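Please look over the chain shown below, with its sequence and its model side by side. The questions that follow take its features one group at a time.

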Amino acid sequence: MSDIAKKVIVIGGGIGGLAAAIRLRADGREVVVLEKNERAGGKLNIRAGQGFTFDTGPSSLTMPWVLERLFASAGRRLSDYVTLSRVEPQWRVLYEDGTELDLSGDLARMLDAIGAVSPRDRKRLLPYLEHARKLYDMSLKSFYKHSLSGAPDLRQLHSLKERIALDSRKTVAQTTAHYFQDPRIRQLFDLFSVQTGSSPMAAPALLSQLAFMQLGLGLYYVEGGMYNIARAMLALLDELGVEIRTNAEVESIVVDRGAAVGVRVRGGEFMLADAIVCNREAIPAYATLLADHPRRDDAVRKLARYAPSASAHILLLGVGRSYPNLRHHNYFMSEDPAREYRRIFHEKLPAEDPTVYVGISSKTDPTQAPEGKENWVVVTHVPPIGEGESWSYRRDYYRDLVLDKLERMGASGLRAAIEFEYDFIPDDLQALYGATGGSLYGVAADRKRNGGFKIPARSAIVDKLYFVGGATHPGGGIPMTALGGQMTADLIRNDFAAQAVISM
């Protein structure tokens, strides 16, 4: 079989799997995507009812260049498939003491907003953002360009001076504390790492660049709903002739002489492949899809340093009135963030006073809710569940805790205005997406446990098996998983090329 005709099976149609499929097909591979659910997209998905439409996964987009480059690799323009609109203000942040702050990509407005809360910290915003920009620029040379497996790869890509500048010995919280004095401003910028499911007290300072990625590069919404990104990728794959099979659950990966050679689909079908891309997290994939592999347990033990990120309690609320004091993206902040982080990330318990995110896309896109009404996506981070555990007994009390907080902090009369309601708990996220413990972002970034690295894309125990998704380098969220899919496709291209040379 010629190299150009090699077949790749992609297990799972999340954003990472779809991105890998596009790049692999652009390289001339024969590609089939097998998705166990009724709809591809992974955590980027939708729910609807009574005229309300909800994005159940990522609610915004940063780094749109990642998707633009992906579509360009297949000879297409992203703008022909989706329309992006810049969201301003980016966030409205509400504190328990009554302080409100609008985060903005407009630098003058952002300086004024910070200054209204803390005049001293106004002077520190520009130096902080410049530091974040430098971290982002260095990441473009390594983290966002190559499929990394650990610190040795960084040593090959960066000089000693650059590695020192990456701040690998500091945490996000230490960086924000260095630049800002007011605890409310520190809490605001620590929140960027929390939105990756990681504690700012443990996440490496490299993640401070997230502030520049959003404030400097912009925060975007996809007209018609974020799921239109998945629709666009599926439309492109259809144009490229890639088969997408939904309701096709893979039961096992077949290994022969140390290499992946195919999969067995529920119902008994066996499908051959020259390589397999798994859009399921590595630990549950090893436990289920490679259950009989002799090195499975050893592989899982070695991956123990990659702890699952925070999970979430999610409420989808169709609200029968409008709240003019809120924006598209809103954060109702915890009064004691240090205690919140300790409870969630260290004690593995739900926070008694959590930070609550409320996304109302109908503020930007009126098609998402009936006139005069709003679609609320309410997300509260909670710890992932352990093996044999369940969140179900907390479901009702935590709903009440979250609604109490929202009503107390400005959303008066919310309960009475609810016309439609649906929820997700960690159990649901684990069952739907195979996420370890219901993790929302894959793997938590922890400076001491894993140096902030994610699980390498190339399997350590099975040749020709590769991973993509939030737990795999470079991480979770739309741009990172899409970028990871592209980099994994590059890795496969290089491996195929090396095999061709050896066989000559």
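Q: Which residues form one aromatic cluster?
A: This is a predicted model, in which local features need pLDDT of at least 70, side-chain atom pairs count only at pLDDT 80 or more, and totals for chains, interfaces and linings use all residues. Residues are numbered from 1 along each chain as its sequence is written, and side-chain values use heavy atoms, with hydrogens and water left out. Rings of Phe, Tyr and Trp (its six-membered ring) pair if their centres lie within 6.5 Å, with planes under 30 degrees apart called stacked, over 60 edge-to-face and the rest tilted. The cluster formed under that rule consists of Trp91, Tyr128, Tyr179, Phe180, Phe189, Phe192, Tyr331 and Tyr357.

Q: Which residue caps the N-terminal end of H8?
A: Helix H8 covers residues 183–194 and reaches 16 Å from its first C-alpha to its last, close to the expected 16 Å, which is 1.5 Å times one less than its number of residues. Nine of its twelve residues are buried, among them Leu188, Phe189 and Phe192. At the N-terminal end a side-chain oxygen lies 2.8 Å from the backbone nitrogen of Arg184, within the limit for a polar contact (a pair of N or O atoms within 3.5 Å; within protein, one must be able to donate a hydrogen and the other to accept it, and residues adjacent in sequence count only if both atoms are side-chain atoms). The residue that supplies this oxygen is Asp182.

Q: Which residue with a positive phi follows H10?
A: Helix H10 has 13 residues and reaches 19 Å, close to the 18 Å expected. Its buried residues include Ile229, Met233, Leu236 and Leu237. The residue that follows H10 has a phi near 85°, and it is Gly241.

Q: Which backbone oxygen does the side chain of Gln90 reach?
A: Gln90 lies in the loop between S5 and S6, which is also the place of Pro89, and a cis peptide bond with omega of about -10° joins Glu88 to Pro89. At 0% relative accessibility, Gln90 counts as buried. Its side chain makes a contact at 3.0 Å with the backbone oxygen of Gln214.

Q: Is Met63 buried or exposed?
A: Met63 is found in the loop between strand S4 and helix H2, and has a positive phi of about 50° although it is not a glycine. Its relative accessibility is 0%, so Met63 counts as buried.

Q: What is the relative accessible area of Lys464?
A: Lys464 lies in the loop between helix H17 and S19, and its phi is near 65°, a positive value in a residue other than glycine. Lys464 counts as partly exposed, with a relative accessible area of 30%.

Q: What is omega for the peptide bond from His473 to Pro474?
A: Pro474 is found in the loop between strand S19 and H18. The bond from His473 to Pro474 is cis, with omega near 5°.

Note on methods. Helices (H or I, at least four residues) and strands (E, at least two) are DSSP runs, numbered from the N terminus. Buried means under 20% relative accessible area, exposed over 50%, partly exposed in between (1.4 Å probe, protein chains only).
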